[in-house]
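Please look through the sequence and the model shown below. The paragraphs that follow lead from the ligand and its surroundings to the annotated domain and some features of the backbone.

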Amino acid sequence: MSSAPFPPGKRIVFTGGSGVAGRHVIDKLLSYGHEILNVDITPLDNPNVYTLKADLTDGAQAFNSLSCHFRVSEPFMEPVKTPDAVVHFAGIPQPMRLPDNETFRINTMGSYNIIESACKLGIKKIILASSLTTYGVTYAEGDINYPHFPITEDTPTEPMDVYATSKICMERIAGSFAKRFKGVDIYCLRISAVIEPENHAEKFNAYLTRPGDFKVHAWSYTDARDLGNMVQCCLEKDGLGFQVFNAVNDEITVPEEEGSSEEWLGRACPHTKITRRMGVRESPVSNEKMRGLLGFREKFGWRRVMGRVEV
Ligand SMILES: NC(=O)c1ccc[n+]([C@@H]2O[C@H](COP(=O)([O-])OP(=O)(O)OC[C@H]3O[C@@H](n4cnc5c(N)ncnc54)[C@H](O)[C@@H]3O)[C@@H](O)[C@H]2O)c1
């Protein structure tokens, strides 16, 4: 006899699920028993998930994507149900893939259309992929400093580039809709560089052999599988209204021989203030808020994955 998943799975529309981050997050969400519709301009090769091809910069396509069946059938036996949540990852994840105005248009209009449609359709949980680049250093013109360490959600976000600016716009749009639509939770995840399991070794080889190169990531990262767990935490926790979370793993990406986080940051960024005592290996981007408010606990910390600490 099969038993229902506990807690019961939710019905989730996932946008951008065919991409680098989305495919891993979808795998994780399926493992928690959720039912998922992927909305993307390209299909996802996962037999358990139907992809509706849609361009979300078109408001009508976004609206329809959030108010349709979860897969095709002949006939449709059940009426369309309002999804429990939308997770919005679709967009352009970097400047210079497209001309700047296209990156801006796709990211802001796609986000606007999804947020507006979700609010107006009565979807109560909206989770948005924002970015660490909003802190302004990653795609700055030249080498600039973070205002302080650790970086928290209250650290100023004043980027120069179009990609991070489009993410700030998305967050502001989200905040304004959350004010207008009471009872809707909108959680923005400021994700760092996403590390997929298949290129974990290669990425960490670079982090560990050339730590000086990764100020641009603030020596932080986001394991793709833990990103799935972060999204699951967002799905489980209701009632927080509009929130921004640093969505990063717990530890700094420099090798142990470089000393503590404070020692490394003191050498690498001697002019940047450290505002509080940091844990020995604490990430320069704090995930304290996500751990505290959402109960996130990492499972794929890099030193555990690489066998440097006991499981
Ligand atoms: N990968 C990272 O390191 C990283 C870091 C921080 C934030 N993010 C954010 O996470 C999200 C996913 O990033 P990714 O690396 O998986 O990017 P990706 O390019 O691999 O995936 C994005 C997906 O969005 C789809 N898409 C693009 N425009 C669309 C449109 N108009 N309508 C529908 N679908 C569209 C693409 O087809 C693609 O499958 C993005 O919002 C990105 O900004 C990624």
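Which element gives the most residues to the shell around the ligand? Strand E5 does, with 3 residues. The model is predicted, and local features need pLDDT of at least 70, side-chain atom pairs count only at pLDDT 80 or more, while totals for chains, interfaces and linings use all residues. Residues are numbered from 1 along each chain as its sequence is written, and side-chain values use heavy atoms, with hydrogens and water left out.

The ligand is surrounded by 27 residues, each with a heavy atom within 4 Å of it. The closest are Val 20, Ala 21, Asp 40, Tyr 163 and Lys 167. By class, this shell comprises 14 nonpolar, 9 polar and 4 charged residues; here Ala, Val, Leu, Ile, Met, Phe, Trp, Tyr, Cys and Pro count as nonpolar, Asp, Glu, Lys and Arg as charged, and the others, Gly among them, as polar.

An oxygen atom of the ligand is 2.9 Å from a polar backbone atom of Val 194, and an oxygen atom of the ligand lies 3.3 Å from a backbone N or O atom of Gly 91. At Ala 54, a polar backbone atom is 3.4 Å from a nitrogen atom of the ligand. Taken alone, the ligand exposes 820 Å², of which the protein buries 87%; these accessible areas come from the Shrake-Rupley method with a 1.4 Å probe.

Helix H1 (20–31), strand E5 (125–131) and helix H4 (162–180) are the elements that give two or more residues to the shell around the ligand. Helices (H or I, at least four residues) and strands (E, at least two) are DSSP runs, numbered from the N terminus.

UniProt, in an unreviewed entry, lists residues 12–202 as "domain: NAD-dependent epimerase/dehydratase"; such annotations may be inferred rather than shown by experiment. Over residues 12–202 the chain is 33% helix and 19% strand.

Met 96, although not a glycine, has a positive phi of about 75 degrees.

Technical notes. A polar contact is a pair of N or O atoms within 3.5 Å; within protein, one must be able to donate a hydrogen and the other to accept it, and residues adjacent in sequence count only if both atoms are side-chain atoms.
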